[in-house]
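Hello,

Please find the structure below. My notes on it follow.

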Amino acid sequence: MENENTVTSMSDIRMLLEEQGKAFEAFKSSQNQKYEALERDFMNFAVKANRPGAPGRESLSGEQKQALVDFMRTGDTTNMKVESKAATVGSDPSGGYMVPQQIDSTIDFIRQQNTPMRRICRVLKPETPDYKKLVSTGGTSSGWVGEIDERSETDTSQIAVLTPAWGGLYANPAASQDLIEDSAFDIAEWFQGEVAREFSDQEGEAFITGSGVKRPRGITTFPMSTDRDSVRDFGTIQYIASGLAGKLPASFDKFFDMIYALKPKYRKNARWSTNSLTIAELRKYKDGSGRYLWQDSLIFGQPATFMGYPVEEDDFMPDVAADAYPIMFGDFQAAYWIFDRPTTVLRDPYSKKPYTLFYTATRVGSMLANSEALKMLKAAAN
């Protein structure tokens, strides 16, 4: 007689497999719930870590924050004028007062989170707005000689002077008198968030398409050419044509052309920059084995990659259209520099009663520091 524990029919096998499948699904569900709980905890920690005054951030001293709060609530400028207290310099009331340095740093931090180009480009704070960068555009010659051969004179190197394209940037947030007088209302944090959001909206667009007149010059507005680095004019960016008018490339080979048109010293820090609609198309590219070239990041805070390089999502980048430049690739730290000047705030309780306006202004500049460190994809046949 057969043992009772012996499987004797196909129905028994099917039942056993179904039970195993149910057990596995239950296990997978419990693990997914644990993972989601961990992810929520990590997200909450990350959000708290990014708040002003959180560990790892430069926290505001009571004196520094109080100086701004007193000024915003009552117009008291006592501590906004004294260098040894909250602000670095006092200004004429008609021009506004410099906000405390660490308040300014927090505004800059929020702008960095909201402005993609600030995250990937070099940001400088020059002491004066007349910053200049000297660069060699070539021209120096050299040669081989013997020990006692005559050394002939070599050509002199050609020098270019680069200066930022500056623009005045302002925000004018308004708060009602009741809100200002509400002691439970954190007016300093509100001010930082409102100003940073308004600044980010304006400068994000300017860094991509700005004309350079009364604003930064956008990175897509510089001269473009198909010429390689050794023969292209200084200050001109090389582009790779997609091969299709108004469309992305039919295959990913053109992206290899972009990658290897870039010199090795720039490739190690290179990344892509494009908008979300173009990303949707990039995600569809596959290699010869059917594997997607897009890889989502498994680490919180780290970008996804395309063909092995990080991708920065920037919705101010142009859409795919005829003769547009929807994708950039390169070392943005080397290619494009952003310049900031201190922020000032002017309290205005008169112009829009019963609201008080806080006219906040700064100056922002930009510069194409190295045109060899960046390549563009042009949606064109050639």
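Accessible areas here come from the Shrake-Rupley method with a 1.4 Å probe. On that basis the protein exposes about 22,000 Å², and carbon and sulfur atoms supply 50% of this area. Please bear in mind that this is a predicted model.

Overall make-up: the protein has 11 helices and 17 strands. Of its 382 residues, 39% are buried.

Aromatic rings: the count comes to 17 aromatic pairs. One of them is formed by phenylalanine 252 and phenylalanine 256, edge-to-face, with 5.7 Å centre to centre and 70 degrees between the planes. Phenylalanine 252 counts as buried because its relative accessibility is 18%, under the 20% cut-off. Phenylalanine 256, at 36%, therefore counts as partly exposed.

Tyrosine 309 and phenylalanine 329 also make an edge-to-face pair, at 5.0 Å centre to centre and with 85 degrees between the planes. This pair links distant parts of the chain: tyrosine 309 lies in strand E12 (residues 309–313) and phenylalanine 329 in strand E13 (residues 327–330), 20 residues apart. Both tyrosine 309 and phenylalanine 329 are buried. They belong to one aromatic cluster, together with Phe255, Trp272, Tyr285 and Phe306.

Charges over rings: arginine 122 has its charged end over the ring of tryptophan 337, 4.5 Å from the ring centre. The charged end of arginine 217 is placed over the ring of phenylalanine 222, 4.1 Å from its centre.

Regards

How values were computed: Residues numbered from 1 in each chain as written. Predicted model: local features only at pLDDT ≥ 70, side-chain atom pairs only at ≥ 80, totals over all residues. Heavy atoms only, no water. Helix = DSSP H or I, 4+ residues; strand = E, 2+ residues; numbered from the N terminus. Buried < 20%, exposed > 50% of the residue type's maximum accessible area, 1.4 Å probe, protein only. Phe/Tyr/Trp six-rings, centres within 6.5 Å; stacked < 30°, edge-to-face > 60°. Lys NZ or Arg CZ within 6 Å of the ring centre and 35° of its normal.
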